[in-house]
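Hi everyone, thanks for coming.

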Amino acid sequence: MDFTDTPAEAAFREQARDFIAANAPHYLAEHLAKSGFGHTNTGEHDALSEAKKWQRTKAQAGWACLQWPTEFGGRGASPIENVIWSQEEGLYSRLTGTFIIGQGMCAPTLMAFADPSHNTRLLPKLASGEEVWCQLFSEPHGGSDLAGLRTKAEKDGDEWLVNGQKIWTSGAQHSDYGLLITRTDATVAKHKGLTMFFLDMKSPGVRIVPIKQANGNSEFNEVYFENVRIPDDQRVGGVGEGWRVAITTLMNERMAIGGSIATGFPEILEWAQSAQLNGRPALEDPNVKSKLADWYVKAAGLKNNASRQITTLSKGGLPGPENSMGKLVAGNMMQDIAKFALDLQGLSGVLVDPSVAEGAARFQAMLLRSPAVRIEGGTDQILRNIIGERVLGLPEDMRADKGIAFSDIPTSAL
Amino acid sequence: MNFDFSDDQKLLADQVKRYLDDNCGMDRVRQVLTGSPRMAQDVWEGLARMGLLGTAVPESYGGAGAGYAELCLVAQQLGAHIAPVPFGSTVYLVAEALLLWGSQAQQEYWLPQICAGTVKGALATVESVGQLTPGQIHAEVVNGALCGKKVVVTDGGVADLYLVMAKHGDQLSLFLVERAAQVDVLNVDSVDLSRDVAQVNFQNAPAQLLVAQGWNALEVLQNRAAVLYAFEQLGGAQRALDMAVAYAQERFAFGRAIGSFQAIKHMLADMFVSLKLAESNCYYAAWALANNTADLPLAAATARVSATQAFQLCAKDNIQVHGGMGFTWEFDCHLYYRRSNYLALELGSLSEWEARLVEALPRVENI
């Protein structure tokens, strides 16, 4: 066991550090450090334009999308170099949220399935942040059961005519392109009648409506399609192969490691170290100790597990489905932590006004946002299924929709 | 970064696994449940022949001179097999205490015998019901003679050499006491019937001082041993999970394998997550122990707490997955359940380790 860099890794880290020292938007550092949960703080500067600017700066010097081939705007770097970059980018990686879905999920799918002529045209602009992409997968009737989606695409000459609705699309309002999965054949089994496309989000018939979330914010959108025309050459993969293409997209979610997943632990520790309980330091309370210890071993376990994944990457391996546990652990933990922090605050815990609530209402923000962490990108239940079936090798649950045509599958009343 | 055991270390683990698979299967474990003493002498001798008792002991004292990362992997295999041998008491506690504080004469006398398997050790601290505190200890050494009764001594019935916490003047110290006529040993049953447990009454037994600041020394010793016991817990947790997964795949109810029911599947997924978190924490602690890092107390407590959680969860839900069969004497589930609950207390209970963990946490700005 050895936590030090190899000489080559150390040299690469040095290069990355030098670039960041010379080029990062240091004027934003103070604001970024104060970014709350699910919010990128850029102070008086516009978050989107600052994000695009940093991305362009990186791309021009070969520090964007490090693992991509150079002809697509990347650096041709190894997975471990990518991890080193993420570690060094640190605070400034908070500016990259806008691009994660496009660069982390859409791009690998395009590289695997799209026409090369599209890729040489589209990917460099995705790498440089000039164009933003979103992913149009979830539907009101196809969340966990993604393959149950209903948005319909019908062939019309050299084009496809798309009608339907997507939901929970992050960043749709400032996206230039979207990766869209549709149903092209309802007469075959549900996984077999799907086809993937990419489309210009400014196409006529595309309507974007922000969702007002349970916590009052609007990070996600509904996207409606009304007779939207997509040229057949924007099909990604074969007709009826959409499920295989979508799996590639979703598998790439797992590759996004190296950064750390928010758990709320540093916040609760800081609070517990300063808070009082019954006139004594809260840390002296056995119940507080027990909970802190439990959360710490989970947070440490995730961090140490990430080190093992990085080791796997550096040996040329790929992270496996066991990494589904990261969000499963972190989401529940954050919700528990928020609840406990409010408990320690007594009735003051009800306050959400940042000007009066403890810590600018950080725990209240966690309380109200954490239910979504346990749902987005795979619910706790789906993640447990993945661990059970793909890691432990347990048999699939019985399905009422297996082997029958999509149009014959029982559905809830509309 | 290379956060993994080396190929040589994995090879050693595999050798230990094969030896225990062949010589310490569940049939062998079951033989000691009703026997006396509750240990497998043949397995003990086999481990000695393989040089495993001295894995981390320098060659000059008859050890293998490997290291603590290697010893962690040996511990993991012993835990997986719930081996009925006084390995922890002898190796993680008594040999380790000799290495830390023994005089050259004490080391030269005892360590080669420990490595050869001819001397077994036991730690004797507890004198009454309740978590161990300095005030609980009344045993006392006066003019080199120990008087006092220790009521729960793991491996106390088979030990040749006791590491005893006793009053000495105005402080608590750790002493070495040989099994002799002045040492009265009474075996007692514990929750884990594959462990030898005894009450040991010392009546003017000759005692050699090992370390004067006994209470502080015990904490240092426990921090090191916690990592090794955590690997035993990890091995046991993995085996309990494996048993549960295998049963969920082969047992049918309502016309289907019970592992296809999400109620079962999700329970098994939670067992896996708990185990994986503990495993990663144990790996870090192995590194901290092998390199004697400054954060060993935190790393050890972290490994200890998460490995205790993981083994207790996996062992209890292994019974649940097995249903009624899991509550029979015939099925092995209870042996792991018993061991998980013994190990959870062996080095101090979970709440004590939670408190130690929180004390070892850095101020938040350093995280």
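Of the 414 residues in chain A, 47% count as buried. Please keep in mind that this is a predicted model.

What is chain A built from? It has 12 helices and 10 strands. If you like to picture a box, the C-alpha atoms of chain A fill one of roughly 75 × 55 × 45 Å along the principal axes. Now think about contacts in chain A between residues at least 6 apart in sequence: 71% of them join residues at least 24 apart.

Let's move over to chain B and two of its helices. Two packed helices are described by the angle between their axes and the distance between the axes. Here we have α9(B), residues 296-322, and α10(B), residues 333-346, packed at an angle of about 160° with their axes 9 Å apart. Over 145 degrees counts as roughly antiparallel, so that is how α9(B) runs relative to α10(B). Their crossing is left-handed.

Which residues meet there? From α9(B) we find, among them, B:Phe311, B:Ala315 and B:Ile319, and the α10(B) side includes B:Tyr336, B:Tyr337 and B:Leu343. By class, the contact of α9(B) with α10(B) has 9 nonpolar, 6 polar and 4 charged residues.

Methods:
Residues numbered from 1 in each chain as written. Chains lettered and ligands numbered in written order. Predicted model: local features only at pLDDT ≥ 70, side-chain atom pairs only at ≥ 80, totals over all residues. Heavy atoms only, no water. Axes fitted to C-alpha atoms, helices over the stretch in contact; angles between N-to-C directions. Helix = DSSP H or I, 4+ residues; strand = E, 2+ residues; numbered from the N terminus. Parallel < 35°, antiparallel > 145°, perpendicular 65-115°, else oblique. Left-handed = near helix turned anticlockwise from the far one by under 90°. Contact = heavy atoms within 4.5 Å. Nonpolar A, V, L, I, M, F, W, Y, C, P; charged D, E, K, R; others polar. Buried < 20%, exposed > 50% of the residue type's maximum accessible area, 1.4 Å probe, protein only.
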